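Let's take a walk through this one together, with the chain open in your viewer.

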Amino acid sequence: MLFTSQISGTVLLAASAVSAGTVLWDGRFNDYASSADLDKWSFSNPVGEYQYYIHGKGEVAEYVNLSADFKNPADGASKQGVKISLTDTAFWNGDAMRRTELIPQTKAAINKGKVYYHFSMKRAETNAPSVNREHQIAFFESHFTEMKAGWISGAQGDADPALRWFVDSKSQWDTPGRPASGTTWPTRSTSTPAPSASGTPRAPTP
Ligand SMILES: *[C@@H]1O[C@H](CO)[C@@H](O)[C@H](O)[C@H]1NC(C)=O
């Protein structure tokens, strides 16, 4: 897994059990005044909707920036969106790959049963994800479902411009990763394929 370029985009997360219409976990940042609120989270003070500890040594806004500028304009239920960046300081814990991660802070069973995940993502021309590097954008630690872009084959010198949805490391669906500048990637809902999925939930990052 490699992250080597900056991602400009919005990622809005909400997991809901559709049969009951219940939102199991809501990651839309409506309760965050700014991304600095993410810094209030710690293992001993697990406040807010996200765990924020996998990131570089810079200020939080260098890696995670919240603004109405980044939200899906068609989404009236969110007051803002997030731009997640992999800058040249975005290294965590001695890793060679760049990582900026937001992890759901919840005990809800968001990886069990039939659950729908809603992500809205946008690609911009400026600092777009490299087509030559793998980007794990929205994923669970067990990789039973995930959105990925770039360098999917892992083959040296290969480029992949598509945004892809993977289940258990197999591509199920893709869309061109280079839509007209400023347009939003189609919103995609994914559901868990089986009630047996396990693993620590990890949020995008695109
Ligand atoms: C965060 O986004 C806002 C809105 O686009 C912008 O004005 C600001 O400069 C950004 N901050 C950082 C640290 O990138």
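A residue is called buried if 20 or more other C-beta atoms lie within 10 Å of its own, exposed if 12 or fewer do, and partly exposed in between. You'll find glutamate 134 in the loop between strand S7 (116-119) and S8. Its C-alpha atom is separated by 9.4 Å from that of alanine 159, and the two residues are 25 apart along the chain.

Now zoom out. What you're looking at is a predicted model, and the protein chain averages a pLDDT of 78, with 75% of the residues scoring at least 70. Where pLDDT is low, the predicted coordinates should not be read in detail.

As for the fold, the protein chain has 1 helix and 13 strands. Going along the sequence, the pattern reads β-β-β-α-β-β-β-β-β-β-β-β-β-β. How much of the chain is buried? Buried residues make up 36% of the 206 residues. And if you take the contacts between residues at least 6 apart in sequence, 63% of them join residues at least 24 apart.

Next stop, the ligand. Which residues surround it? They are Ala61, Glu62, Asn65, Ser67 and Asp69. Helix H1 (60-63) and strand S4 (64-67) are the elements that give two or more residues to this shell. Sorted by class, the shell has 1 nonpolar, 2 polar and 2 charged residues.

Stay with S4 for a moment. In a regular strand the side chains alternate between the two faces of the sheet. S4 has Val64 and Leu66 on a covered face, while Asn65 and Ser67 make up an uncovered one. Both Asn65 and Ser67 are among the residues that surround the ligand. S4 also has a partner: it pairs with strand S5 (residues 81-84) in the antiparallel sense, over 4 bridges. Within that pairing, serine 67 has glycine 81 of S5 as its bridge partner.

Alanine 36 itself lies in the loop between strand S2 (22-27) and strand S3 (50-51). Alanine 36 counts as partly exposed because it has 13 C-beta neighbours inside 10 Å.

Now move on to strand S9 (residues 145-149). Why is S9 largely enclosed by the rest of the structure? Because 5 of its 5 residues are buried. Thr145, Met147 and Ala149 point one way from S9, Glu146 and Lys148 point the other way, and all are buried. So the burial takes in both directions, as Glu146 and Lys148 are buried along with Thr145, Met147 and Ala149.

S9 has strand partners as well. Strand S8 (residues 135-140) is joined to S9 by 4 bridges, and the two run antiparallel. Here phenylalanine 139 stands opposite glutamate 146 in S9. The hairpin of S8 and S9 has 4 residues between the strands, and in it histidine 143 takes a positive phi near 60°. S9 is also joined to S10 by 5 bridges, again antiparallel, and lysine 148 stands opposite arginine 164 in S10.

Follow S10 onward and you come to the last stop, the loop between strand S10 (162-167) and strand S11 (170-176), where aspartate 168 sits. Serine 169 is found in this loop too. What are their phi values? Aspartate 168 has a phi near 45°, positive in a residue other than glycine, and serine 169 has one near 65°, likewise positive in a residue other than glycine. Are they buried or exposed? Aspartate 168 is partly exposed, because 13 other C-beta atoms lie within 10 Å. Serine 169, with 10 other C-beta atoms within 10 Å, is therefore exposed.

Definitions and conventions
Residues are numbered from 1 along each chain as its sequence is written. This is a predicted model: local features need pLDDT of at least 70, side-chain atom pairs count only at pLDDT 80 or more; totals for chains, interfaces and linings use all residues. A residue is near a molecule or strand if its C-beta atom, placed from the backbone, lies within 6 Å of it. Ala, Val, Leu, Ile, Met, Phe, Trp, Tyr, Cys and Pro count as nonpolar, Asp, Glu, Lys and Arg as charged, and the others, Gly among them, as polar. Two residues are in contact if their C-beta atoms, placed from the backbone, lie within 7 Å. Two strands pair if DSSP finds at least two bridges between them. pLDDT is the predictor's confidence in each residue, from 0 to 100.
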